[in-house]
Amino acid sequence: VDVDIDVNVDADEHNDDNNRSLLRALRDTHHIQPYAMDFRGFGGTPKDESGFVEPLRCVEDVVSVLNWMHERHSHGGQTNDDGDGDD
């Protein structure tokens, strides 16, 4: 499928602080459902009970997210996701 998509990342009208959100801009095209993963133990996310960042645990987390995305989008390919995380 050849789709021409215009993504506008100018100042975000949803925020007063002139943030530019690529994820929100991609979502607003209504053609792309973006996702961002925060791996446990990286940045501000707490490590698991082992206290270490384990590469195989990261792989397991990615597989879990990909399975969740497949389940979510395999029923017609569309969601009601408005980006607020409550659906």
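Where does V9 lie relative to helix 1? V9 sits in the segment before helix 1, where helices are DSSP runs of H or I with at least four residues, numbered from the N terminus. Before going further, please keep in mind that this is a predicted model, in which local features need pLDDT of at least 70, side-chain atom pairs count only at pLDDT 80 or more, and totals for chains, interfaces and linings use all residues. Residues are numbered from 1 along each chain as its sequence is written, and side-chain values use heavy atoms, with hydrogens and water left out.

Let us stay with V9 for a moment. Its relative accessibility is 33%, so V9 counts as partly exposed; that class lies between buried (under 20% relative accessible area) and exposed (over 50%), using a 1.4 Å probe and protein chains only. Together with V7 and L22, V9 forms a nonpolar patch on the surface, and the three share about 210 Å² of accessible area. Such a patch is made of residues with over 30% relative accessible area and no salt bridge, with nonpolar side chains (Val, Leu, Ile, Met, Phe, Trp, Tyr) joined within 5 Å and like charges within 9 Å. The areas come from the Shrake-Rupley method with a 1.4 Å probe, and for residues only the protein chains shown count as cover.

R24 is partly exposed, at 25% relative accessible area.

Now for the charged pairs. The structure holds four salt bridges, each being a side-chain nitrogen of Lys or Arg within 4 Å of a carboxyl oxygen of Asp or Glu. One of them joins R27 and D28, with the closest N and O atoms 2.9 Å apart. Here R27 is buried at 17% relative accessible area, whereas D28 is partly exposed at 33%.

Another salt bridge brings R40 and D61 together at 2.7 Å, N to O. R40 lies in the loop between helix 1 (22-28) and helix 2 (55-73), and D61 lies in helix 2, so this pair ties together parts that are 21 residues apart in sequence. R40 is partly exposed at 30%, while D61 is buried at 13%.

Finally, look at R57 and D48, whose salt bridge has its closest N and O atoms 3.1 Å apart. R57 is partly exposed at 26% relative accessibility, and D48 is buried at 11%. Both belong to a network of salt bridges that also links E49.

Methods: Helices (H or I, at least four residues) and strands (E, at least two) are DSSP runs, numbered from the N terminus.
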